[in-house]
There are 2 protein chains.
Amino acid sequence: VTTHPTKTVAFVVYPGLTPLDLVGPLQLLAGLGAVDPDYDVTVVGRHRQPMPTDVPLELRPTRTFDDVPDPHILVVPGGGVGTIEALADPDLRNYISAAAPGAHIVASVCTGSLILAAAGLLDGRRATTHWGYATFLERLGATYVPDRWVEDGKFITAAGVSAGIDLALHLGARLTSIDIARQAQLAIEYDPQPPFGPIEWEGVDRTAMVPTIEHTIRSVVHDDTLASLLLGEHSI
Amino acid sequence: VTTHPTKTVAFVVYPGLTPLDLVGPLQLLAGLGAVDPDYDVTVVGRHRQPMPTDVPLELRPTRTFDDVPDPHILVVPGGGVGTIEALADPDLRNYISAAAPGAHIVASVCTGSLILAAAGLLDGRRATTHWGYATFLERLGATYVPDRWVEDGKFITAAGVSAGIDLALHLGARLTSIDIARQAQLAIEYDPQPPFGPIEWEGVDRTAMVPTIEHTIRSVVHDDTLASLLLGEHSI
(Lines give C-alpha, C1' and ligand atoms only; values in the text may rest on other atoms or scores of the structure.)
Protein backbone atom coordinates (compact mmCIF):
# COMPACT_ATOMS: atom_id res chain seq x y z
CA VAL A 1 0.00 0.00 0.00
CA THR A 2 1.43 3.36 -1.01
CA THR A 3 0.12 6.35 0.83
CA HIS A 4 0.78 9.99 0.24
CA PRO A 5 2.41 11.69 3.23
CA THR A 6 -0.09 13.96 4.90
CA LYS A 7 1.88 15.15 7.92
CA THR A 8 4.85 17.34 7.09
CA VAL A 9 7.51 17.90 9.73
CA ALA A 10 9.12 21.20 8.73
CA PHE A 11 12.50 22.17 10.18
CA VAL A 12 13.12 25.87 9.62
CA VAL A 13 16.44 27.27 8.33
CA TYR A 14 17.43 30.94 8.37
CA PRO A 15 20.79 32.72 8.00
CA GLY A 16 23.15 32.63 10.97
CA LEU A 17 21.58 29.78 12.94
CA THR A 18 23.47 27.25 15.05
CA PRO A 19 23.53 24.11 12.88
CA LEU A 20 23.59 21.65 15.80
CA ASP A 21 20.21 23.05 16.94
CA LEU A 22 18.81 21.90 13.61
CA VAL A 23 20.85 18.81 12.80
CA GLY A 24 20.50 17.07 16.19
CA PRO A 25 16.72 16.64 16.05
CA LEU A 26 16.68 16.39 12.24
CA GLN A 27 19.08 13.43 12.30
CA LEU A 28 16.94 11.70 14.89
CA LEU A 29 13.58 12.34 13.22
CA ALA A 30 14.62 12.04 9.55
CA GLY A 31 13.63 8.36 9.49
CA LEU A 32 10.06 9.06 10.62
CA GLY A 33 8.68 8.66 7.10
CA ALA A 34 10.20 5.18 6.85
CA VAL A 35 8.43 4.16 10.05
CA ASP A 36 5.11 5.83 9.28
CA PRO A 37 4.48 6.85 5.64
CA ASP A 38 2.04 9.51 6.81
CA TYR A 39 5.07 11.61 7.78
CA ASP A 40 7.26 13.64 5.48
CA VAL A 41 10.30 15.24 7.14
CA THR A 42 11.76 18.26 5.37
CA VAL A 43 13.79 21.42 5.83
CA VAL A 44 12.32 24.76 4.76
CA GLY A 45 13.77 28.23 4.22
CA ARG A 46 12.88 31.54 2.61
CA HIS A 47 14.71 30.43 -0.53
CA ARG A 48 16.71 27.40 -1.64
CA GLN A 49 20.13 29.03 -1.73
CA PRO A 50 22.80 27.97 0.77
CA MET A 51 22.61 30.03 3.96
CA PRO A 52 25.48 30.93 6.29
CA THR A 53 25.49 29.63 9.86
CA ASP A 54 27.51 30.45 12.98
CA VAL A 55 30.19 27.92 11.88
CA PRO A 56 32.13 27.69 8.57
CA LEU A 57 29.39 25.67 6.86
CA GLU A 58 26.41 26.72 4.76
CA LEU A 59 23.06 24.92 4.79
CA ARG A 60 20.68 24.57 1.87
CA PRO A 61 17.04 23.74 2.64
CA THR A 62 15.01 21.30 0.54
CA ARG A 63 11.85 23.42 0.24
CA THR A 64 10.73 27.00 0.63
CA PHE A 65 8.29 28.47 3.13
CA ASP A 66 5.82 28.79 0.24
CA ASP A 67 6.13 25.06 -0.50
CA VAL A 68 5.05 24.10 3.02
CA PRO A 69 2.37 26.54 4.19
CA ASP A 70 0.65 24.06 6.54
CA PRO A 71 3.17 21.86 8.37
CA HIS A 72 1.83 19.32 10.84
CA ILE A 73 4.90 19.90 12.99
CA LEU A 74 7.13 22.98 12.98
CA VAL A 75 10.64 22.88 14.47
CA VAL A 76 12.51 26.17 14.95
CA PRO A 77 16.24 26.06 15.75
CA GLY A 78 18.09 28.87 17.45
CA GLY A 79 21.50 30.49 17.48
CA GLY A 80 23.30 33.58 18.74
CA VAL A 81 23.57 36.86 16.81
CA GLY A 82 21.88 35.26 13.77
CA THR A 83 18.80 34.41 15.79
CA ILE A 84 18.61 37.85 17.38
CA GLU A 85 18.67 39.29 13.88
CA ALA A 86 16.06 36.76 12.78
CA LEU A 87 13.64 37.96 15.49
CA ALA A 88 12.92 40.99 13.31
CA ASP A 89 13.09 39.19 9.95
CA PRO A 90 9.66 39.76 8.38
CA ASP A 91 9.75 36.69 6.09
CA LEU A 92 10.63 34.31 8.91
CA ARG A 93 8.18 35.95 11.28
CA ASN A 94 5.37 35.85 8.73
CA TYR A 95 6.02 32.16 8.07
CA ILE A 96 6.07 31.24 11.76
CA SER A 97 2.94 33.31 12.43
CA ALA A 98 1.08 31.75 9.50
CA ALA A 99 2.22 28.14 9.98
CA ALA A 100 2.07 27.79 13.78
CA PRO A 101 -1.70 28.20 14.36
CA GLY A 102 -2.58 25.17 12.20
CA ALA A 103 0.35 23.02 13.31
CA HIS A 104 -0.31 20.21 15.77
CA ILE A 105 3.10 20.60 17.40
CA VAL A 106 5.39 23.62 17.44
CA ALA A 107 8.87 22.87 18.75
CA SER A 108 11.98 24.95 19.25
CA VAL A 109 15.59 24.32 20.17
CA CYS A 110 17.72 26.80 22.12
CA THR A 111 16.88 30.43 21.27
CA GLY A 112 14.39 29.21 18.67
CA SER A 113 11.90 29.78 21.50
CA LEU A 114 12.66 33.53 21.30
CA ILE A 115 11.47 33.44 17.68
CA LEU A 116 8.23 31.79 18.80
CA ALA A 117 7.87 34.26 21.68
CA ALA A 118 8.57 37.27 19.44
CA ALA A 119 5.73 36.06 17.22
CA GLY A 120 3.46 36.15 20.28
CA LEU A 121 3.08 32.38 20.47
CA LEU A 122 4.39 31.84 24.01
CA ASP A 123 2.51 34.57 25.88
CA GLY A 124 1.91 33.30 29.40
CA ARG A 125 3.25 29.84 28.53
CA ARG A 126 5.93 27.81 30.30
CA ALA A 127 8.95 27.45 28.03
CA THR A 128 12.70 27.09 27.98
CA THR A 129 15.68 28.34 25.98
CA HIS A 130 19.49 28.44 26.12
CA TRP A 131 20.47 29.12 29.78
CA GLY A 132 22.05 32.46 28.84
CA TYR A 133 18.88 33.81 27.19
CA ALA A 134 16.35 33.15 29.97
CA THR A 135 15.95 36.88 30.69
CA PHE A 136 14.98 37.57 27.09
CA LEU A 137 12.47 34.73 26.90
CA GLU A 138 10.77 36.22 29.96
CA ARG A 139 10.83 39.74 28.51
CA LEU A 140 9.01 38.34 25.47
CA GLY A 141 6.17 37.12 27.67
CA ALA A 142 6.95 33.48 28.47
CA THR A 143 7.65 31.92 31.85
CA TYR A 144 11.17 30.46 31.77
CA VAL A 145 11.57 26.94 33.16
CA PRO A 146 15.16 25.63 33.48
CA ASP A 147 14.38 22.09 32.26
CA ARG A 148 15.96 20.11 29.39
CA TRP A 149 12.69 20.54 27.51
CA VAL A 150 9.31 22.01 28.44
CA GLU A 151 5.91 21.08 27.05
CA ASP A 152 2.97 23.47 27.32
CA GLY A 153 0.01 22.61 25.13
CA LYS A 154 1.27 22.04 21.61
CA PHE A 155 4.50 23.93 22.27
CA ILE A 156 7.64 21.96 23.13
CA THR A 157 10.74 24.03 23.74
CA ALA A 158 14.23 22.66 24.36
CA ALA A 159 17.15 24.17 26.27
CA GLY A 160 20.40 25.15 24.51
CA VAL A 161 21.75 23.58 21.31
CA SER A 162 22.37 19.90 22.18
CA ALA A 163 19.06 19.70 24.12
CA GLY A 164 17.35 19.35 20.74
CA ILE A 165 18.49 15.71 20.63
CA ASP A 166 16.72 14.93 23.90
CA LEU A 167 13.62 16.82 22.75
CA ALA A 168 13.61 14.83 19.50
CA LEU A 169 13.72 11.50 21.37
CA HIS A 170 10.76 12.60 23.45
CA LEU A 171 8.88 13.86 20.40
CA GLY A 172 9.77 10.80 18.31
CA ALA A 173 8.39 8.50 21.02
CA ARG A 174 5.21 10.54 21.18
CA LEU A 175 4.73 10.26 17.39
CA THR A 176 5.62 6.54 17.19
CA SER A 177 6.53 4.55 20.31
CA ILE A 178 9.23 4.42 22.94
CA ASP A 179 10.62 1.29 21.23
CA ILE A 180 11.02 3.06 17.91
CA ALA A 181 12.52 6.14 19.57
CA ARG A 182 15.04 3.87 21.29
CA GLN A 183 15.90 2.31 17.91
CA ALA A 184 16.59 5.80 16.55
CA GLN A 185 18.70 6.49 19.64
CA LEU A 186 20.71 3.34 18.89
CA ALA A 187 21.05 4.32 15.22
CA ILE A 188 22.72 7.62 16.19
CA GLU A 189 24.52 5.83 19.06
CA TYR A 190 23.29 8.43 21.53
CA ASP A 191 24.92 7.04 24.64
CA PRO A 192 26.46 10.27 25.92
CA GLN A 193 29.72 10.16 27.83
CA PRO A 194 30.82 13.78 28.28
CA PRO A 195 34.47 13.31 29.23
CA PHE A 196 34.40 15.93 32.01
CA GLY A 197 30.97 14.99 33.31
CA PRO A 198 27.69 16.90 33.11
CA ILE A 199 27.38 20.67 33.45
CA GLU A 200 27.83 21.91 37.03
CA TRP A 201 24.87 24.27 37.20
CA GLU A 202 25.64 25.69 40.63
CA GLY A 203 28.51 27.64 39.03
CA VAL A 204 26.41 29.03 36.16
CA ASP A 205 24.94 32.54 36.31
CA ARG A 206 21.99 32.64 33.91
CA THR A 207 22.23 36.44 33.70
CA ALA A 208 25.97 36.54 32.89
CA MET A 209 25.40 36.95 29.15
CA VAL A 210 22.68 39.62 29.47
CA PRO A 211 24.91 42.71 28.90
CA THR A 212 26.53 41.16 25.80
CA ILE A 213 23.18 40.09 24.37
CA GLU A 214 21.68 43.52 25.08
CA HIS A 215 24.59 45.07 23.22
CA THR A 216 23.87 42.79 20.25
CA ILE A 217 20.16 43.66 20.37
CA ARG A 218 21.00 47.38 20.22
CA SER A 219 23.21 46.72 17.19
CA VAL A 220 21.04 44.42 15.08
CA VAL A 221 17.35 44.80 16.03
CA HIS A 222 16.07 47.82 14.13
CA ASP A 223 12.40 47.23 15.02
CA ASP A 224 12.04 49.72 17.89
CA THR A 225 9.07 48.04 19.55
CA LEU A 226 10.77 44.64 19.54
CA ALA A 227 14.09 46.12 20.68
CA SER A 228 12.42 47.91 23.62
CA LEU A 229 10.68 44.71 24.62
CA LEU A 230 13.92 42.69 24.44
CA LEU A 231 15.78 45.37 26.40
CA GLY A 232 13.12 45.36 29.13
CA GLU A 233 12.40 49.04 28.54
CA HIS A 234 8.67 48.57 28.75
CA SER A 235 6.45 45.72 29.79
CA ILE A 236 4.41 43.77 27.29
CA VAL B 1 49.18 41.21 18.49
CA THR B 2 47.70 39.81 15.31
CA THR B 3 48.95 36.43 14.25
CA HIS B 4 48.21 34.49 11.12
CA PRO B 5 46.54 31.15 11.84
CA THR B 6 49.02 28.38 11.23
CA LYS B 7 47.05 25.34 12.35
CA THR B 8 44.06 24.51 10.18
CA VAL B 9 41.42 22.16 11.54
CA ALA B 10 39.79 20.72 8.41
CA PHE B 11 36.41 18.98 8.66
CA VAL B 12 35.78 16.94 5.53
CA VAL B 13 32.45 16.98 3.64
CA TYR B 14 31.44 14.50 0.93
CA PRO B 15 28.07 13.58 -0.62
CA GLY B 16 25.72 11.42 1.43
CA LEU B 17 27.33 11.85 4.85
CA THR B 18 25.45 11.95 8.16
CA PRO B 19 25.39 15.64 9.06
CA LEU B 20 25.34 15.10 12.85
CA ASP B 21 28.73 13.33 12.54
CA LEU B 22 30.12 16.58 11.18
CA VAL B 23 28.09 19.23 12.97
CA GLY B 24 28.46 17.86 16.52
CA PRO B 25 32.24 18.26 16.73
CA LEU B 26 32.26 21.28 14.39
CA GLN B 27 29.86 23.19 16.65
CA LEU B 28 32.02 22.40 19.65
CA LEU B 29 35.38 23.25 18.05
CA ALA B 30 34.32 26.18 15.84
CA GLY B 31 35.33 28.66 18.55
CA LEU B 32 38.90 27.35 18.75
CA GLY B 33 40.26 30.25 16.69
CA ALA B 34 38.75 32.76 19.14
CA VAL B 35 40.54 31.04 22.03
CA ASP B 36 43.86 30.51 20.25
CA PRO B 37 44.48 32.56 17.08
CA ASP B 38 46.89 29.91 15.85
CA TYR B 39 43.87 27.80 14.93
CA ASP B 40 41.65 28.16 11.89
CA VAL B 41 38.63 25.86 11.82
CA THR B 42 37.15 25.18 8.40
CA VAL B 43 35.10 22.73 6.35
CA VAL B 44 36.57 21.32 3.13
CA GLY B 45 35.11 19.42 0.17
CA ARG B 46 35.98 18.44 -3.37
CA HIS B 47 34.13 21.53 -4.60
CA ARG B 48 32.14 24.35 -3.08
CA GLN B 49 28.72 23.32 -4.33
CA PRO B 50 26.04 22.15 -1.87
CA MET B 51 26.26 18.40 -1.30
CA PRO B 52 23.40 16.06 -0.41
CA THR B 53 23.39 14.25 2.94
CA ASP B 54 21.38 11.37 4.40
CA VAL B 55 18.72 13.86 5.58
CA PRO B 56 16.77 16.49 3.57
CA LEU B 57 19.51 19.11 3.94
CA GLU B 58 22.47 20.00 1.75
CA LEU B 59 25.82 21.18 3.09
CA ARG B 60 28.18 23.60 1.41
CA PRO B 61 31.83 23.57 2.52
CA THR B 62 33.86 26.75 2.95
CA ARG B 63 37.00 25.59 1.14
CA THR B 64 38.13 22.91 -1.28
CA PHE B 65 40.58 20.08 -0.74
CA ASP B 66 43.03 22.02 -2.92
CA ASP B 67 42.72 25.06 -0.63
CA VAL B 68 43.83 23.07 2.44
CA PRO B 69 46.50 20.57 1.38
CA ASP B 70 48.24 20.47 4.77
CA PRO B 71 45.73 20.57 7.63
CA HIS B 72 47.09 20.41 11.16
CA ILE B 73 44.03 18.40 12.19
CA LEU B 74 41.80 16.38 9.88
CA VAL B 75 38.29 15.31 10.97
CA VAL B 76 36.41 12.76 8.84
CA PRO B 77 32.69 12.23 9.46
CA GLY B 78 30.82 9.07 8.51
CA GLY B 79 27.42 7.98 7.34
CA GLY B 80 25.63 4.98 5.86
CA VAL B 81 25.33 4.26 2.14
CA GLY B 82 27.00 7.59 1.30
CA THR B 83 30.10 6.66 3.27
CA ILE B 84 30.29 3.18 1.75
CA GLU B 85 30.21 4.86 -1.66
CA ALA B 86 32.82 7.35 -0.50
CA LEU B 87 35.26 4.53 0.38
CA ALA B 88 35.97 4.16 -3.33
CA ASP B 89 35.77 7.86 -4.22
CA PRO B 90 39.19 8.66 -5.71
CA ASP B 91 39.09 12.41 -4.93
CA LEU B 92 38.24 11.87 -1.28
CA ARG B 93 40.70 9.02 -0.94
CA ASN B 94 43.50 11.00 -2.57
CA TYR B 95 42.86 13.92 -0.26
CA ILE B 96 42.82 11.79 2.88
CA SER B 97 45.95 9.93 1.75
CA ALA B 98 47.80 13.16 0.97
CA ALA B 99 46.68 15.19 4.00
CA ALA B 100 46.83 12.58 6.78
CA PRO B 101 50.61 11.89 6.86
CA GLY B 102 51.50 15.51 7.68
CA ALA B 103 48.57 16.11 10.02
CA HIS B 104 49.25 16.14 13.76
CA ILE B 105 45.86 14.64 14.58
CA VAL B 106 43.55 12.61 12.36
CA ALA B 107 40.08 12.13 13.81
CA SER B 108 36.96 10.36 12.60
CA VAL B 109 33.36 10.07 13.71
CA CYS B 110 31.23 6.98 13.15
CA THR B 111 32.05 5.20 9.87
CA GLY B 112 34.53 7.96 9.04
CA SER B 113 37.04 5.46 10.48
CA LEU B 114 36.27 3.13 7.55
CA ILE B 115 37.44 5.90 5.20
CA LEU B 116 40.69 6.16 7.16
CA ALA B 117 41.05 2.37 7.21
CA ALA B 118 40.33 2.04 3.48
CA ALA B 119 43.16 4.52 2.89
CA GLY B 120 45.45 2.17 4.84
CA LEU B 121 45.83 4.53 7.79
CA LEU B 122 44.56 2.25 10.56
CA ASP B 123 46.44 -0.97 9.74
CA GLY B 124 47.06 -2.75 13.02
CA ARG B 125 45.74 0.18 15.05
CA ARG B 126 43.08 0.20 17.75
CA ALA B 127 40.04 2.14 16.53
CA THR B 128 36.28 2.40 16.80
CA THR B 129 33.28 3.07 14.55
CA HIS B 130 29.47 2.87 14.60
CA TRP B 131 28.53 -0.32 16.52
CA GLY B 132 26.92 -1.85 13.40
CA TYR B 133 30.08 -1.48 11.29
CA ALA B 134 32.64 -3.12 13.62
CA THR B 135 33.03 -6.13 11.29
CA PHE B 136 33.97 -3.89 8.37
CA LEU B 137 36.49 -1.86 10.36
CA GLU B 138 38.21 -5.13 11.27
CA ARG B 139 38.13 -6.38 7.67
CA LEU B 140 39.92 -3.16 6.69
CA GLY B 141 42.77 -4.00 9.04
CA ALA B 142 42.02 -2.19 12.30
CA THR B 143 41.33 -3.68 15.72
CA TYR B 144 37.82 -2.66 16.77
CA VAL B 145 37.44 -1.36 20.33
CA PRO B 146 33.86 -0.73 21.55
CA ASP B 147 34.65 2.53 23.37
CA ARG B 148 33.06 5.97 22.97
CA TRP B 149 36.31 7.11 21.38
CA VAL B 150 39.68 5.43 20.89
CA GLU B 151 43.09 7.11 20.64
CA ASP B 152 46.03 5.32 19.01
CA GLY B 153 48.97 7.53 18.19
CA LYS B 154 47.72 10.54 16.28
CA PHE B 155 44.46 8.79 15.32
CA ILE B 156 41.34 9.46 17.39
CA THR B 157 38.23 7.61 16.25
CA ALA B 158 34.74 8.04 17.72
CA ALA B 159 31.83 5.60 17.86
CA GLY B 160 28.57 6.26 15.99
CA VAL B 161 27.19 9.69 15.05
CA SER B 162 26.60 11.49 18.38
CA ALA B 163 29.92 10.19 19.79
CA GLY B 164 31.61 12.95 17.81
CA ILE B 165 30.48 15.44 20.46
CA ASP B 166 32.28 13.52 23.22
CA LEU B 167 35.37 13.14 21.01
CA ALA B 168 35.36 16.89 20.35
CA LEU B 169 35.27 17.71 24.07
CA HIS B 170 38.25 15.42 24.62
CA LEU B 171 40.10 16.87 21.63
CA GLY B 172 39.21 20.45 22.55
CA ALA B 173 40.61 19.96 26.06
CA ARG B 174 43.80 18.49 24.62
CA LEU B 175 44.23 21.52 22.30
CA THR B 176 43.36 24.12 24.96
CA SER B 177 42.47 23.13 28.54
CA ILE B 178 39.79 21.25 30.40
CA ASP B 179 38.40 24.60 31.61
CA ILE B 180 37.97 25.89 28.07
CA ALA B 181 36.48 22.60 26.88
CA ARG B 182 33.97 22.82 29.73
CA GLN B 183 33.10 26.39 28.68
CA ALA B 184 32.39 25.08 25.16
CA GLN B 185 30.29 22.31 26.71
CA LEU B 186 28.28 24.96 28.59
CA ALA B 187 27.92 27.05 25.42
CA ILE B 188 26.24 24.14 23.61
CA GLU B 189 24.47 23.16 26.86
CA TYR B 190 25.70 19.58 26.54
CA ASP B 191 24.10 18.18 29.67
CA PRO B 192 22.56 15.07 28.10
CA GLN B 193 19.30 13.71 29.47
CA PRO B 194 18.20 10.97 27.06
CA PRO B 195 14.56 10.56 28.08
CA PHE B 196 14.65 6.74 27.96
CA GLY B 197 18.10 6.40 29.50
CA PRO B 198 21.37 5.32 27.94
CA ILE B 199 21.67 2.54 25.34
CA GLU B 200 21.24 -0.95 26.80
CA TRP B 201 24.19 -2.64 25.13
CA GLU B 202 23.44 -6.14 26.37
CA GLY B 203 20.56 -6.28 23.85
CA VAL B 204 22.63 -5.04 20.89
CA ASP B 205 24.10 -7.47 18.34
CA ARG B 206 27.03 -5.72 16.66
CA THR B 207 26.77 -8.09 13.67
CA ALA B 208 23.02 -7.58 13.08
CA MET B 209 23.56 -5.04 10.29
CA VAL B 210 26.27 -7.04 8.48
CA PRO B 211 24.03 -8.66 5.81
CA THR B 212 22.39 -5.33 4.91
CA ILE B 213 25.73 -3.55 4.74
CA GLU B 214 27.24 -6.34 2.62
CA HIS B 215 24.31 -5.98 0.23
CA THR B 216 25.02 -2.24 -0.02
CA ILE B 217 28.73 -2.91 -0.60
CA ARG B 218 27.89 -5.26 -3.49
CA SER B 219 25.65 -2.56 -4.99
CA VAL B 220 27.81 0.53 -4.66
CA VAL B 221 31.51 -0.42 -4.35
CA HIS B 222 32.80 -0.99 -7.88
CA ASP B 223 36.46 -1.25 -6.87
CA ASP B 224 36.83 -5.06 -6.83
CA THR B 225 39.82 -5.19 -4.48
CA LEU B 226 38.11 -2.94 -1.94
CA ALA B 227 34.80 -4.77 -2.28
CA SER B 228 36.48 -8.16 -1.67
CA LEU B 229 38.23 -6.78 1.37
CA LEU B 230 34.99 -5.30 2.78
CA LEU B 231 33.15 -8.56 2.10
CA GLY B 232 35.81 -10.57 3.91
CA GLU B 233 36.53 -12.56 0.77
CA HIS B 234 40.28 -12.40 1.25
CA SER B 235 42.49 -11.28 4.05
CA ILE B 236 44.50 -8.10 3.86
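Visitor: How do S1(B) and strand S2 of chain B pair, in the parallel or antiparallel sense?

Guide: In this predicted model, S1(B), residues 7-12, pairs with S2(B), residues 39-45, in the parallel sense, and the pairing runs over six bridges.

Visitor: And which residue in S2(B) is the bridge partner of Ala10(B)?

Guide: The bridge partner of Ala10(B) in S2(B) is Thr42(B). Ala10(B) also has a bridge partner in S5(B), namely Leu74(B), and S1(B) pairs with S5(B), residues 73-76, in the parallel sense over three bridges.

Visitor: Is S1(B) mostly covered or mostly open?

Guide: Strand S1(B) is mostly covered, with five of its six residues buried.

Visitor: Back to Leu74(B), what does it touch?

Guide: Leaving aside residues up to four places away in sequence, Leu74(B) touches Ala10(B), Val12(B), Tyr95(B), Ile96(B), Ala99(B), Ala100(B), Ile105(B), Val106(B) and Ala107(B). Leu74(B) is also one of the residues that touch the most other members in the largest nonpolar core, which has 175 residues, and the others named there are Val12(A), Leu74(A) and Val12(B). As a general point, nonpolar side chains in soluble globular proteins tend to be buried together.

Visitor: OK, cavities: how many are there of 30 Å³ or more?

Guide: The count comes to one cavity of 30 Å³ or more, and the largest cavity holds about 40 Å³ of space.

Visitor: Which residues line the largest cavity?

Guide: The lining consists of Ala86(B), Leu87(B), Leu92(B), Arg93(B), Ile96(B), Ile115(B), Ala118(B) and Ala119(B), and these divide into seven nonpolar, no polar and one charged. Helix H4 (90-99) and helix H5 (112-118) of chain B each supply at least two residues of that lining, and the largest share, three residues, comes from H4(B). Ile96(B), one of the lining residues, is also among the residues that Leu74(B) touches.

Visitor: Switching to helix H1 of chain B, why is it largely enclosed?

Guide: Helix H1(B), residues 19-29, is largely enclosed by the rest of the structure because eleven of its eleven residues are buried. The buried residues include Pro19(B), Asp21(B), Gly24(B), Gln27(B) and Leu29(B).

Visitor: What about Glu189(A), buried or exposed?

Guide: Glu189(A) counts as buried, because its relative accessibility is 4% and the cut-off for buried is under 20%. Its phi is near 45°, a positive value in a residue other than glycine, and Glu189(A) is found in the loop between helix H8 (178-187) and helix H9 (210-220) of chain A.

Visitor: Staying with chain A, what is the order of the strands in its open sheet of seven strands?

Guide: The order is S4-S2-S1-S5-S6-S10-S9, with mixed pairing. Strand S4 (63-64) and strand S9 (149-152) of chain A stand at the edges, each with a single partner strand, so one side of each has no neighbour in the sheet.

Visitor: And how many bridges pair S1 and S2 in chain A?

Guide: Strand S1 (residues 7-12) and strand S2 (residues 39-45) of chain A pair in the parallel sense over six bridges, and Val9(A) stands opposite Val41(A) in S2(A).

Notes. Residues are numbered from 1 along each chain as its sequence is written. Chains are lettered from A and ligands numbered from 1 in the order in which they are written. This is a predicted model: local features need pLDDT of at least 70, side-chain atom pairs count only at pLDDT 80 or more; totals for chains, interfaces and linings use all residues. Side-chain values use heavy atoms; hydrogens and water are left out. Buried means under 20% relative accessible area, exposed over 50%, partly exposed in between (1.4 Å probe, protein chains only). Helices (H or I, at least four residues) and strands (E, at least two) are DSSP runs, numbered from the N terminus. A nonpolar core is a set of buried Ala, Val, Leu, Ile, Met, Phe, Trp, Tyr and Cys residues joined through side-chain atoms within 4.5 Å. Contact means heavy atoms within 4.5 Å. On a 1 Å grid over the protein atoms alone, a cavity is a set of points where a 1.4 Å probe fits but cannot get out, and a pocket is an open set with protein on both sides within 12 Å along at least five of seven lines; lining residues have an atom within 4 Å of a point. Grid points are joined across faces, edges and corners, and a volume is the space filled by probe spheres set on the points. Ala, Val, Leu, Ile, Met, Phe, Trp, Tyr, Cys and Pro count as nonpolar, Asp, Glu, Lys and Arg as charged, and the others, Gly among them, as polar. Two strands pair if DSSP finds at least two bridges between them.
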